Amino acid sequence: MTVDMDKAMEFVGKVVGDLGATMAAGGIVVGHRLGLYRALAEGPATAEELAERTGTTPRYISEWLAGQAAGGYVQYEPTTGTFSMTEEQAFALTDPDGPVYLPGAFVLALGALRAEPRITEIYRSGAGMGWHEHDDDVFVGCETFFRPGYNAHLVAEWIPALDGVEAKLQAGARVADVGCGHGSSTVLMAQAYPASTFIGSDYHDASIQTARKRAADAGVADRVTFETAPAQTFSGSGYDLVTFFDCLHDMGDPLTAARHVRETLAPDGTWLMIEPIAGDSLAENLNPVSRVYYGFSSFICVAAGRSQPGGYSLGAQAGPAALRQVATDAGFTRFRIAAQTPFNHVYEIRP
């Protein structure tokens, strides 16, 4: 074997970058949980000053800040020994209710990685691992990761992109939000469309309990109910809109779920499905965004599908063709990409 050492060192450099990013994930979650980013965004600070602002220990904060500066997450001014954040860094790292909040992705990632011993074993056995079997940070991180995108796009862009749906919601519609998790999407729609009624469902009972609290805290419990039910058997019928937010690809039996949507929709109803953005071939998906999704998929999504009956394990990079096939097999005749973001495809599906 002849090794080109220049190319080998180039690859080693890539690995070093990945290793640094892997270890940085823990620091990002620490910054999120201790409010370090928010406190630093108030103004430049030394390690001692940031520790005083946050009630933490200066020696640890000194090391944390050094790593954050090395990674480009904060700025360092050597003449004064102070650290600070640019407007862009603060935008992405300090507001959990804003349009972008990146620390949630790292909470999700670290929660997923805690399953590594189990995932390693099921790679050998071919078994699955249910969503409900993961660490609680998977559920919390998933909400924290996805909610900003829903806040930014759902009401402002995605629903208006659907044919006639916004007008129905404004007038008063029946909506089923399937696989709702902690209910972020359900509550958001209920706040935006007070004339409509919503039922959220998820097979994970602990998430449903949290969703009920979220609805009560948001003051929308009068028009939102939640039930513990899988996508194949959620209750009700005559829905004007059924929504699936980033969940179809996790299901072992998405076809039966799609058929149930078809049965429960009103004749002129709409199925709104949000899925991770992807192409139909691996060659189209060899990019940084797909790398993130394949990583989550190999630890969470494929394992979830294989833990359920049905025979599917679509994974987080199922492209439009695979999703269209599920919809078509379930009896839908109209399927289109209504909108997209750098991270999502928004599908409008009709009978």
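Student: Which helix gives the largest share of the lining of the second largest pocket?
Tutor: That's α8, with 7 residues. Keep in mind that this is a predicted model.
Student: Okay, and how much space is in the second largest pocket?
Tutor: About 790 Å³. The pocket is lined by 43 residues, and the closest to its centre are Trp 131, Gly 179, Asp 246, Cys 247 and Asp 250.
Student: Which elements give two or more residues to that lining?
Tutor: They are α8, α10 (184–192) and α13. By class, the lining of the second largest pocket divides into 24 nonpolar, 13 polar and 6 charged residues.
Student: And the largest pocket, how much space lies there?
Tutor: About 1500 Å³. The largest pocket has 47 lining residues, and those nearest its centre are Ala 105, Phe 106, Ala 109, Val 292 and Phe 296.
Student: Which helix gives the most to the lining of the largest pocket?
Tutor: Here it's α13, with 10 residues. Helix α8 is also one of the elements that supply at least two residues to the lining of the largest pocket. That lining has 32 nonpolar, 12 polar and 3 charged residues.
Student: Switching to rings now. How many aromatic pairs does the structure hold?
Tutor: There are 12. One of them joins Phe 146 and Tyr 150, which are stacked, with 6.2 Å between the centres and 15° between the planes.
Student: Where do Phe 146 and Tyr 150 lie?
Tutor: Both are in helix α8 (residues 136–158), 4 residues apart, which is about one turn of the helix.
Student: Is Tyr 150 buried or exposed?
Tutor: Tyr 150 is buried, because its relative accessible area is 7%, under the 20% cut-off. Tyr 150 also pairs with Trp 158, this time edge-to-face, at 6.2 Å centre to centre and 70° between the planes.
Student: What about Trp 158, buried or exposed?
Tutor: Trp 158 is buried, with a relative accessible area of 1%. Ring pairs link Trp 158 into a cluster with Phe 145, Phe 146, Tyr 150, Phe 245 and Phe 296.
Student: Last topic: which residues touch the most other members of the largest nonpolar core?
Tutor: Leu 154, Trp 158, Leu 169, Phe 245, Leu 272 and Ile 300, out of 48 residues in that core. Helix α8 gives the most to this core, with 7 residues.
Student: What does Leu 154 touch?
Tutor: Leaving out residues up to four places away in sequence, its contacts include Ile 159, Leu 188, Met 189, Phe 245 and Leu 272.

Terms used: Residues numbered from 1 in each chain as written. Predicted model: local features only at pLDDT ≥ 70, side-chain atom pairs only at ≥ 80, totals over all residues. Heavy atoms only, no water. Phe/Tyr/Trp six-rings, centres within 6.5 Å; stacked < 30°, edge-to-face > 60°. Buried < 20%, exposed > 50% of the residue type's maximum accessible area, 1.4 Å probe, protein only. Core = buried A, V, L, I, M, F, W, Y, C linked by side-chain atoms within 4.5 Å. Contact = heavy atoms within 4.5 Å. 1 Å grid on protein atoms, 1.4 Å probe; cavity = no way out; pocket = protein on both sides within 12 Å on 5 of 7 lines; lining within 4 Å. Points joined across faces, edges and corners; volume = space filled by probe spheres on them. Nonpolar A, V, L, I, M, F, W, Y, C, P; charged D, E, K, R; others polar.
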